[in-house]
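Work through the following exercises with the sequence and the structure side by side, and try each task before you read its solution.

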Amino acid sequence: MQIATWNVNSLKVRLPQLLDWLAQTPVDVVCLQETKLVDAKFPVAQLEEAGYAAAFAGQPTYNGVAILTRRQTVGEPLAVQVGNPLLEDPQQRLISATVAGLRVICAYFPNGQSVDSDKYVYKLDWIDRLLDWLQPQLAGGAPLALLGDFNIAPEERDVHDPAAWAGQVLFSEPERARFRALQALGLVDAFRLFDQPERSYTWWDYRQMAFRRNMGLRIDHVLVSQALRPRVTECRIERELRRREQPSDHAPVLVRID
DNA sequence: ATGGCCCGTAGAACGGGA
């Protein structure tokens with residue numbers, strides 16, 4: 001089974017690329033962030049035509065998350081839950097479902113804007129409530145995966161210029177401490193289970209020819225529970241999609257689970 | 001050069017992203 005996460009930066013704009021990608025890479029589960037679509041405009045029919053069922057939670061203009069499942073291999077998303085019951089949040093950033101016996105959590109962490117912003121305070125609080133919500137789920141030892149746009153680069157090697165990013169939002173110590181707190185719950189960074197190329201990133205600014213110069217950050221992640229860890233056989237970043245015409249600024253991350 | 005680009009909502013610029 002293959003599971004992917006991708007911040008599409010508008011599903012309306014990226015739908016043709018998504019369908020094209022799924023046609024050549026038929027992953028079984030896809031977590032999407034920043035769909036930027038109200039539910040009435042979610043492309044249910046086009047995805048069905050491509051063989052995928054969908055659970056989604058959107059709002060106008062901002063945020064929006066979804067979990068797609070390939071009907072033929074894993075059926076449809078079960079026990080769908082939107083949001084975190086421990087946090088009242090009008091922003092649609094979290095959706096969970098059970099797929100093929102695996103609990104899949106799709107998350108779009110707040111960006112935070114800058115470390116002196118109210119949005120940064122919201123970001124840290126949002127993650128703290130996520131930790132509170134995940135802790136008992138992981139204590140049970142169930143197979144679980146947390147995938148999405150974390151908006152955190154956990155280590156220096158995940159940042160193209162660590163000196164320039166030191167103390168900045170996405171790489172500040174309080175954010176990185178929270179990433180470590182997720183790991184302390186027993187979640188494992190699937191990407192680092194394997195040898196990876198140096199300077200591996202998942203996001204590149206649209207400006208400054210950042211992708212061409214590989215000036216990026218690794219902020220999109222797949223975290224797996226201890227129960228799932230032995231079944232993970234591959235994790236890779238799908239850079240090809242960032243190279244296309246009119247790309248999202250994020251590339252997908254994929255894991256293979258046997 | 002303390003911005004550069006892209007998206008949605010506008011119906012012109014602006015907020016937000018990261």
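**Exercise 1.** Find which residues of helix 4 meet which residues of helix 6, and describe how the two helices lie.

*Solution.* Start with the contacts: L124, I127 and L131 in helix 4 meet P174, R178, A181 and L182 in helix 6, where contact requires C-beta atoms, placed from the backbone, within 7 Å. Next, sort these residues, which divide into six nonpolar, no polar and one charged; here Ala, Val, Leu, Ile, Met, Phe, Trp, Tyr, Cys and Pro count as nonpolar, Asp, Glu, Lys and Arg as charged, and the others, Gly among them, as polar. Finally, consider the axes, which are lines fitted to C-alpha atoms over the stretch in contact, with angles from 0 to 180 degrees between N-to-C directions: those of helix 4 (residues 118-139) and helix 6 (residues 173-184) come within 11 Å and cross at roughly 10°. That makes helix 4 roughly parallel to helix 6, a label for angles under 35 degrees.

The model is predicted, so local features need pLDDT of at least 70 and side-chain atom pairs pLDDT 80 or more, while totals for chains, interfaces and linings use all residues. Residues are numbered from 1 along each chain as its sequence is written, and chains are lettered from A and ligands numbered from 1 in the order in which they are written.

**Exercise 2.** Determine which residues come nearest to DNA strand B.

*Solution.* Count a residue as near if its C-beta atom, placed from the backbone, lies within 6 Å. Of the 22 residues around DNA strand B, S10, T61, N111, Y206 and R207 come nearest.

Note on methods:
Helix = DSSP H or I, 4+ residues; strand = E, 2+ residues; numbered from the N terminus. Parallel < 35°, antiparallel > 145°, perpendicular 65-115°, else oblique.
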